[in-house]
Amino acid sequence: MATYQSDEGWDALGDPTRRAIVACLAEQPRAVGELARELPISRPAVSQHLKVLKDAGLVVDRQAGTRRVYRLNPAGVAALRDQLDTFWHRALDGYQDVVDQTTEEDS
């Protein structure tokens, strides 16, 4: 299983096709052919995008007969969410500092 690399995850999601693949996989695990039917790109293109997502640690796959079924990697997605939570908390803390500073100046 690929390990999550913080920059790679954000870089991978910078492409709208890869975001669409992630959205599809959020609904349920799918094979390449199933994803290609949902998207306006070829199976080889889907495979290339899945490789980027897998290398970034955002998806994992398993063998199911003659095909590979892809699903979101909970650890990779959780790492991105943790980063977003960190950004959000920093923004809230910064806002609170401005409010506190304004309140002190008005007193």
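Select helix α2 (residues 16-27) and helix α4 (residues 43-55): their axes are 10 Å apart and they pack at an angle of about 80 degrees. The two helices are therefore roughly perpendicular to each other. Angles of 65 to 115 degrees count as roughly perpendicular, those under 35 as roughly parallel, those over 145 as roughly antiparallel and the rest as oblique. The axes are lines fitted to C-alpha atoms, for helices over the stretch in contact, and angles run from 0 to 180 degrees between N-to-C directions. Helices (H or I, at least four residues) and strands (E, at least two) are DSSP runs, numbered from the N terminus.

This is a predicted model, in which local features need pLDDT of at least 70 and side-chain atom pairs count only at pLDDT 80 or more, while totals for chains, interfaces and linings use all residues. Residues are numbered from 1 along each chain as its sequence is written, and side-chain values use heavy atoms, with hydrogens and water left out.

Stay with the helix pair and show side chains. On the α2 side, pick Thr17, Arg18, Ile21, Val22 and Leu25; they meet Val46, His49, Leu50, Val52 and Leu53 in α4. By class, this contact of α2 with α4 has seven nonpolar, two polar and one charged residues. Here Ala, Val, Leu, Ile, Met, Phe, Trp, Tyr, Cys and Pro count as nonpolar, Asp, Glu, Lys and Arg as charged, and the others, Gly among them, as polar.

Next, select Gln48, also in helix α4. Gln48 counts as exposed, at 57% relative accessibility. Buried means under 20% relative accessible area, exposed over 50%, and partly exposed in between (1.4 Å probe, protein chains only). Draw a distance from Gln48 to Arg18: the residues are 30 apart along the chain, and their C-alpha atoms are separated by 9.8 Å.

Go to Glu8, in helix α1 (residues 6-12). Glu8 is partly exposed, with a relative accessible area of 35%. Which residues does Glu8 contact, leaving aside its neighbours within four places in sequence? They are Asp55 and Ala56, where contact means heavy atoms within 4.5 Å.

Now turn to the strands. Three of them form an open sheet in the order β1-β3-β2, with antiparallel pairing. At the edges stand β1 (30-31) and β2, each with a single partner strand, so one side of each is left without a neighbour in the sheet. Two strands pair if DSSP finds at least two bridges between them.

Strand β2 (residues 59-64) and strand β3 (residues 67-72) pair over six bridges, and β1 and β3 over two. Elsewhere in β3, Arg68 has Gln63 opposite.

Zoom in on the turn. The hairpin of β2 and β3 has two residues between the strands, and Gly65 in the turn has a positive phi of about 70 degrees. Thr66 is also in the loop between β2 and β3 and counts as exposed, at 85% relative accessibility. Thr66 and Ala56 are ten residues apart in sequence and 24 Å apart in space, C-alpha to C-alpha.

Finish on helix α5 (residues 74-106), whose 33 residues should span 48 Å at 1.5 Å a residue; its end C-alpha atoms are 47 Å apart, which agrees. The expected span is 1.5 Å times one less than the number of residues. In α5, select Gly76, Ala79 and Leu80, which are buried.
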